[in-house]
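I set down here what I looked up in this structure, entry by entry.

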Amino acid sequence: MRGLLLNKVDDEFSAEVTDIAEDDLPEADTLVAVEYSTINYKDGLAITDSSPIVRNWPMVPGVDFAGTVLSSESESFGVGDRVVLNGWDVGEKHWGGLAERARVNADWLTPIPEEFSTYQAAAIGTAGYTAMLCVLALEDHGVTPESGAVLVTGAAGGVGSVAVAILNRLGYEVIASSGRVEEEGDYLRSLGANELIHRDELSEGGGRPLAKARWAGAIDVAGSHTLANVLAATGPKGCVAACGLAQGMDLETSVAPLILRGVTLAGIDSVHETAERREQAWARLATDLDVNLLEEMTSEVGLETVPDVASLIVQGRVRGRIVVDVSA
Ligand code: NDP
């Protein structure tokens, strides 16, 4: 089978597409024929060795994939079942999706809803499933379309694009924050953004603990000063679902929005989410994500191109979602 293999020997990092023996796959109960994997921000960091994502070497990267079960010792899945995997430290500690086969634990797999082709499930991928987890968090904390607008940061990226499309379909007024308002303005409007703001408005540190309320809820992929400023401008009883660190991992803020406006900061960890919540998120994606918009936000590449795209995603220059055809 072909796959992308990352290695580090004597501190020398390599990433190459190569033939891998199926016998070298890690031990687990289920063998999957991977059809598509994708490139998420975390994959970008791993494949460019920009951050210590990979914990064991050598490693097949790819935190997600969609494919078909070839064999399983588990009763949960049978041969031919279509499955998607998101997270569970795959592509970090356990070989991941950027190869033609993956051997993984059945517990990590989610059935692909019948509404989606395998390609569409991959296009959604970890970024899209995380966007849905963020929307569920807003709903859990009482943010409805009647509450007011919802802000999405990093709107032209993977999580952001899917979040904008879902929120619009659910009837929310969507404010999209992007560093690429000029280049991607039409794209963001086509996904359903009602208002665009430049991310520079939110990226500076040292802002006021409480600012004028501008949104009832937010989905934040940036962290750092952006998240602090987003919290400060969230209205009473609002909720901010925080899932990312595209600006930084730091968070210098105050409790003012929490204790003076009752704002909730909801953390999102898609990697270790329960099977029940995963199935709920995928079921909601099947009803709340317009597949035509999914297509519009998705590009496809082959394995050989992955290292180049990985470098682009780390620079914040990828639009929407990138699907990898692992056989191409
Ligand atoms: P993408 O690279 O596709 O999207 C990130 C977007 O963030 C960029 O496209 C850009 O959008 C914006 N951005 C880039 N740099 C900055 C910056 N300095 N300040 C503010 N915004 C910036 O990545 P993904 O959508 O795959 O992931 C987004 C984030 O969410 C990542 O940090 C990732 O690690 C995290 N994540 C977390 C998960 C979890 O379980 N918690 C799961 C999945 C992702 P624009 O040009 O529009 O501003």
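Which of the 24 residues around the ligand come nearest? I recorded Val159, Ser178, Gly179, Arg180 and Ser270; a residue counts as near if one of its heavy atoms lies within 4 Å of the molecule.

Before going on, I noted that this is a predicted model, in which local features need pLDDT of at least 70 and side-chain atom pairs count only at pLDDT 80 or more, while totals for chains, interfaces and linings use all residues. Residues are numbered from 1 along each chain as its sequence is written, and side-chain values use heavy atoms, with hydrogens and water left out.

A side-chain N or O atom of serine 270 lies 2.7 Å from an oxygen atom of the ligand. For arginine 199, I found a polar side-chain atom 2.8 Å from a ligand oxygen. Alanine 155 takes part through its backbone, with an N or O atom 3.5 Å from an oxygen atom of the ligand. The ligand taken alone exposes 910 Å², of which the protein buries 88% (Shrake-Rupley method, 1.4 Å probe).

**Shell composition.** I sorted the shell into 11 nonpolar, 10 polar and three charged residues; Gly counts as polar in this scheme.

**Domains.** An automatic or database assignment sets the bounds: domain 1 covers 2-112 + 297-325 and domain 2 covers 126-267. Both give residues to the shell around the ligand, so the ligand lies between them. I noted 29 Å between the two domain centres, taken over C-alpha atoms. In contact (heavy atoms within 4.5 Å) are 13 residues of domain 1 and 15 residues of domain 2.

**Cysteines.** I found zero disulfides, a disulfide being a pair of cysteine sulfur atoms within 2.5 Å. Cysteine 134 is buried at 0% relative accessibility, and cysteine 243 is partly exposed at 25% (buried is under 20%, exposed over 50%, partly exposed in between; 1.4 Å probe, protein chains only).

Technical notes
Polar contact = N/O pair within 3.5 Å; in protein donor to acceptor, adjacent residues only side chain to side chain.
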